[in-house]
Amino acid sequence: MEPTWGVVLPVKRLGAAKSRLRGALAGVPHERLALALAQDTVAAALASAEVAEVLAVTDDPEVGRALAALGARVVPDVPGDGLNAAFAYGAGLLAHGPVAALAADLPALCPDDLSEALRKAAGPDRHFVADAPGTGTVLLTAPAGVWLDPRFGPGSAVAHERSGAVPLDGDWPTLRRDVDTAADLDAAVRLGLGPHSAEVAQAPSRCSSP
Ligand SMILES: Nc1nc2c(ncn2[C@@H]2O[C@H](COP(=O)(O)OP(=O)(O)OP(=O)(O)O)[C@@H](O)[C@H]2O)c(=O)[nH]1
Ligand SMILES: C=C(OP(=O)(O)O)C(=O)O
């Protein structure tokens, strides 16, 4: 089967991104860690057998260069409009096929977890995958031609369900593990980090994404 999914993934400017994680790794520049999280997420998404294209929405030139080098298409942000506007803009550019909105802070993501979730997301409904605590969202999907209607932010799992998106159940520990805090990073280290974050955190790398 040909891969069909377009994945959209927003990344803030590195100086402003992942502020709750600032200082989590002693001696490591914050921007380096923030970039590594996005690089591992993009590399894993590109390695998924279900993914045809990864589109990064970012205004940060360093992020743009690094993610393009991995094989992502990169477009500039919608000025000042925030996370959901960035998702919506990217989704519009991918609307020729099914769209998956993916959090960009999933450094433990294994391509197989994403592939299995995307296979379960096939069909006429919008779907979402909640984060490990169950309150946030790591993945929101829409079939080709259907408005993504992203409602990311605090309490987004409930917001997505109320908007008609169907929750997907599956273990997918590496997909559900978004990293907002130092404790989240520890949990991701226990799962095994992708190569960029593993190098930055000097921790073992588990699943291999090219
Ligand atoms: N392009 C773009 N990406 C965004 C924007 N806001 C958040 N993101 C990205 O969306 C993803 C999830 O957002 P959060 O987990 O809230 O990340 P964050 O805002 O960087 O983190 P905190 O500063 O700790 O709240 C991260 O990859 C962010 O970089 C935005 O306005 N534009
Ligand atoms: C953006 C989200 O949350 P967080 O900032 O916790 O990653 C979300 O879960 O929709």
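**Notes on a predicted model with two ligands**

1. Start with Asp-184: this residue is buried, because 21 other C-beta atoms lie within 10 Å, and the cut-off for buried is 20 or more. Bear in mind that the model is a predicted one.

2. Where does Asp-184 lie? Look in helix H7, which covers residues 182-191. Leaving aside residues up to four places away in sequence, Asp-184 touches Asp-178 and Val-179. From Val-7, Asp-184 is 177 residues away in sequence and 23 Å away in space, C-alpha to C-alpha.

3. Asp-178 turns up again around ligand 2, whose surrounding residues also include Ala-103, Asp-131, Phe-152 and Asp-180. By class, that shell has two nonpolar, four polar and three charged residues.

4. Now for ligand 1, which has 17 residues around it, the closest being Pro-10, Lys-12, Ser-19, Arg-20 and Ala-104. Eight residues of this shell are nonpolar, three are polar and six are charged. Strand E1 (5-11), strand E2 (51-58) and helix H3 (83-93) each give the shell at least two residues.

5. Strand E2 deserves a look too. Six of its eight residues are buried, so E2 is largely enclosed by the rest of the structure. E2 runs parallel to E1, with seven bridges joining them, and Leu-55 in E2 sits opposite Val-8. E2 also runs parallel to strand E3 (residues 73-75), joined by three bridges; here Ala-56 is opposite Val-74.

6. How do the strands connect? E1, helix H1 (residues 30-46) and E2 form a right-handed β-α-β unit. From E2 the chain then crosses through helix H2 (residues 61-70) to E3, in a β-α-β crossover that is right-handed.

Technical notes. Residues numbered from 1 in each chain as written. Chains lettered and ligands numbered in written order. Predicted model: local features only at pLDDT ≥ 70, side-chain atom pairs only at ≥ 80, totals over all residues. Near = placed C-beta within 6 Å. Helix = DSSP H or I, 4+ residues; strand = E, 2+ residues; numbered from the N terminus. Nonpolar A, V, L, I, M, F, W, Y, C, P; charged D, E, K, R; others polar. Buried ≥ 20, exposed ≤ 12 C-beta atoms within 10 Å, placed from the backbone. Contact = placed C-beta atoms within 7 Å. Pairing = 2+ DSSP bridges. Right-handed = clockwise from strand over helix to strand, strands pointing away.
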